[in-house]
Amino acid sequence: MANFGFIIDNRRCIGCHACTVACKSEHEVPLGVNRTWVKYIEKGTFPDSQRHFSVMRCNHCDNAPCITICPVTALFRRDDGIVDFDSRRCIGCKACMQACPYDALYIDPESHTAAKCNYCAHRVDNGLEPACVIVCPTQAIISGDLDDPDSTISKLLASEPVTVRKPEKETLPRLYYIDGEPESLDASATDVGGHGMWNRQTRGVGHYARYTEQRVAAIFALSHRSPAQNHSGPEGGNGENEPASKVPGKMASNRVGHVAPSRAPAVVLSKRHPLDDLRNLLGLDDPCNGVVNSDPSSRLPPAAPRSVESGTPRRVYDAPNKGVLWGWQVSAYVWTKAISSGAGLVAALIAILAPTRLTPSGERIAWIVALVFLALTGLMLVADLDRPRRFLYVMLRPQWRSWLVRGAWIINAYAIVLAIWFCVLLAGWSLADGWLPWLVAPIALLTAAYTAFLFAQARGRDFWQSHLLVVHMLVHSLIGGSATLCALASTTDPEWNAVVGRMLIAALIAKLIVDAIELSIPHGSPDSRRVVQMIVRGRFARLYRWGVVAFGCCLPVLLLLPGATGLTILAGVVSLIGLYLAEHIWVRAPQLIPLS
Ligand code: SF4
């Protein structure tokens, strides 16, 4: 079995975008999104300046985090190493986009499912090379079997120094660059917010393509595509809601790694590159022939002489930025989950540590809060999906390594525990009467903490890789639970108010300590440091300092000290607002770091 990979030979690339166009044509990729694109950067100062090109796409990683995080096996590795996808399974959770450190995936604005370069698997299955390889006029894209020592790609790999993007991510990319320009391959080396016509990347369509559909539809109406193609819609196509027009090369993968032969078109198998014909016509030698046995410098066009470069590298052309992938729904989901798990956790802790303080009315309120906010958590999770009707796939077609799947089952387990607790209350018993708090507490802890492991699987976001994230989630759960119970405090239950108030003070102080550690310890990755910078001194500094620290943490502590019920309620409300702001910053800030 082959083991496919790509080489991008930057000595040959002329930045013509033929690969981008061929890919769009082959896969009918909609406007505003790309499976492969060419990024331009410029270095130096005129007249001593140079332009560099980098072809960007899926790296078909050996250790692909997109596959690990995908909850429904929509992304998978074929036996030949190609990382392919099945849009009929995709629920549009965008976790793969957060996990991919290379920005290779996008949400298709027509099918609302994730898509990316799939190495033209349908062409490979028919003995053809990917469309971008065939179209490239300078043979700058080389595909082939990495395990075949006689393949051009293996010979080039053996003879030329190559580089990959972000090797520190340990994804083992199988897309190699010859003469890759470090400032072009490093997303952080150039600014994404330039003022030129083609380098302003901050207003891309990407995930938010649905909000630009009207504009795109107007452009489609002017294009040559037929109405049937344009408006087949996500529900009107092949198989399971997949638009027929999205089937690459009109062939459908009906199973993982299997192409339905009956749908395969009649193709003429030819591996000859169009350039070969031109070369034969002109009587020229193939510069790749004898690639290993000859002197490397003699078989390729001479590299352009490098001048001494100065000035800041500038991004002068790029694909649109995909924006924030997980918006307010995810911040709200983390917030409601913290409240739900926290309410159960606080009640269970009181039942274990101070059973006499667990009043019947307080216990009932805790149970209601846990249940209502758990339901809201589920709603937020579904609301964030780009294919919300497929949410049950997480349970029915699980990919067990994904913390999205594990989290869904942890939430189910918590719901079952809440149901048992309801039966206990119905029977007139209390959480403090038996073993139940020992069941509620660990499941509530798991419910609170699992999102830290899910975020850690989002390998594209360095700040979420912090080991402290799980501590943040636990502390936020305690704040969410105790603050909501404080906000619902009643004048007839002063003992209960006092105990949840003390728990809230402890949780808020713990948050200040954990945040101080997180924001002051040295972070290994530059992207994490940039996020810390954004929170401490940058665009989130004011919101964090005044909204989270002063308003959300310090003020409620002061309000709780006198012990008056009215102030307890106010402290609870204020803490909940501060907690939401903290979740918003922690979810949003890392997503503002460009990945490509
Ligand atoms: Fe492709 Fe990104 Fe997945 Fe690697 S992690 S296989 S680059 S989509």
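Biologist: Taking buried to mean under 20% relative accessible area, exposed over 50% and partly exposed in between (1.4 Å probe, protein chains only), is T113 buried or exposed?

Modeller: T113 is buried, with a relative accessible area of 1%, and it sits in the loop between β6 (106–107) and β7 (114–115), where strands (E, at least two residues) and helices (H or I, at least four) are DSSP runs numbered from the N terminus. This is a predicted model, in which local features need pLDDT of at least 70 and side-chain atom pairs pLDDT 80 or more, while totals for chains, interfaces and linings use all residues. Residues are numbered from 1 along each chain, and side-chain values use heavy atoms, without hydrogens or water.

Biologist: OK, and which residues does T113 touch?

Modeller: Leaving out residues up to four places away in sequence, T113 touches S87, C90, Y106, I107, D108, R387 and R390, a contact being heavy atoms within 4.5 Å. R387 lies 274 residues from T113 along the chain, yet their C-alpha atoms are separated by 7.2 Å.

Biologist: Which side chain makes a polar contact with that of T113?

Modeller: That is S111, at 2.7 Å; a polar contact is a pair of N or O atoms within 3.5 Å, one able to donate a hydrogen and the other to accept it within protein, with sequence neighbours counted only if both atoms are side-chain atoms.

Biologist: Switching topic, where does E181 lie?

Modeller: E181 is in the loop between β10 (175–178) and α7 (182–185), and it counts as buried because its relative accessible area is 6%. Its side chain has a polar contact of 2.7 Å with the side chain of K43, and a further one, of 3.3 Å, with the side chain of H52.

Biologist: Now α15, how far apart are its end C-alpha atoms?

Modeller: They are 34 Å apart, which agrees with the 34 Å that the 24 residues of α15 (residues 403–426) should span at 1.5 Å a residue, the expected span being 1.5 Å times one less than the number of residues.

Biologist: What do the buried residues of α15 pack against?

Modeller: Those residues, including W403, L404, I410, Y414 and W421, pack against α2 (65–69), α3 (95–99), α12 (328–353), α13 (360–384), α14 (393–396) and α16.

Biologist: And what caps the N-terminal end of α15?

Modeller: S402 does, with a side-chain oxygen 3.1 Å from the backbone nitrogen of L404, whereas after the helix comes G428, whose phi is positive, near 85°.
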